[in-house]
Amino acid sequence: MAATVYKSPFGGEIAVRHLLLPPEDPEAQARALRLRELGIEDKPVPEFDDFARELAKRTGGCYAGVNFFIDENRQYFAGLYSAASDTTVELESPLLEDPVPGRVMPRDLDIGFCPHVVRRRKALVLEDVRDYPRYAGNHVVDAIGIHSYLGAPLIDHTGMVLGTICVVDQDPQPWGHKGLETIKTMAAELVERIERSEHGR
């Protein structure tokens, strides 16, 4: 089977050689509709890039993202920050048929950790992903060297999980209780801002 290559939001590439089977998600269609109601599409948002930068600053991660599950097959990083260049990732091209480098990943439990957060509906702290058999074999560990993850769901007032915010690092990080509380608080703050913007339109 030929590999499908994705440009990772966190640097490098991920070659996927198996048939992607996203986890069953009964909310997928309702989520896509809710995101459209909120005006969130598959395109970069400068405000979310700024949020990702602040998230990385507060937690000390080298990459941070605001990640929405646009449909049943894709997770889309509308906000993205890389400490390597100390700048937000810029992208002018609209999302077309092919994955956009640096913004799109498949919504697969084997590719990244955000799908687990959406499925769990609660924050996930992995100080060293290699310590957890369930996550150690994830594509992003060997393909691009992601060794720590901190993420929280974005849950709106309807109870819908819109996506996640997350921080990752290529070294183990002692996120601890402080990191968990920081990302949960920032997730709640972002949802409030998103919904406030909806009411202001």
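Figure 1. Strand S4 spans residues 74-82, and eight of its nine residues are buried, so it is largely enclosed by the rest of the structure. Buried means under 20% relative accessible area, exposed over 50%, and partly exposed in between (1.4 Å probe, protein chains only). Strands are DSSP runs of E with at least two residues, helices runs of H or I with at least four, numbered from the N terminus. The model is predicted: local features need pLDDT of at least 70, side-chain atom pairs count only at pLDDT 80 or more, and totals for chains, interfaces and linings use all residues. Residues are numbered from 1 along each chain as its sequence is written, and side-chain values use heavy atoms, with hydrogens and water left out.

**Figure 2. The strand partners of S4.** Two strands pair if DSSP finds at least two bridges between them. Strand S3 (residues 63-68) pairs with S4 in the antiparallel sense over six bridges. Gly65 has Leu80 of S4 as its bridge partner.

Figure 3. Strand S7 (residues 124-126) pairs with S8 in the antiparallel sense over three bridges. Leu124 finds its bridge partner in Gly151 of S8. With strand S9 (residues 161-169), S8 forms an antiparallel pairing over eight bridges. One of the bridge pairs is Ser148 with Asp169 of S9.

**Figure 4. The hairpin of S8 and S9.** Five residues lie between the two strands of this hairpin. Gly159 takes a positive phi near 90°.

**Figure 5. The largest pocket and its lining.** The largest pocket has a volume of about 160 Å³. Twelve residues line the pocket; Leu38, Ile40, Glu47, Phe48 and Ser197 are the closest to its centre. Helix H2 (46-59) and helix H6 (176-200) are the elements that give two or more residues to the lining. H6 gives the most, with four residues. By class, the lining has six nonpolar, two polar and four charged residues. A pocket is an open set of points on a 1 Å grid over the protein atoms alone, where a 1.4 Å probe fits, with protein on both sides within 12 Å along at least five of seven lines; lining residues have an atom within 4 Å of a point. Grid points are joined across faces, edges and corners, and a volume is the space filled by probe spheres set on the points. Ala, Val, Leu, Ile, Met, Phe, Trp, Tyr, Cys and Pro count as nonpolar, Asp, Glu, Lys and Arg as charged, and the others, Gly among them, as polar.
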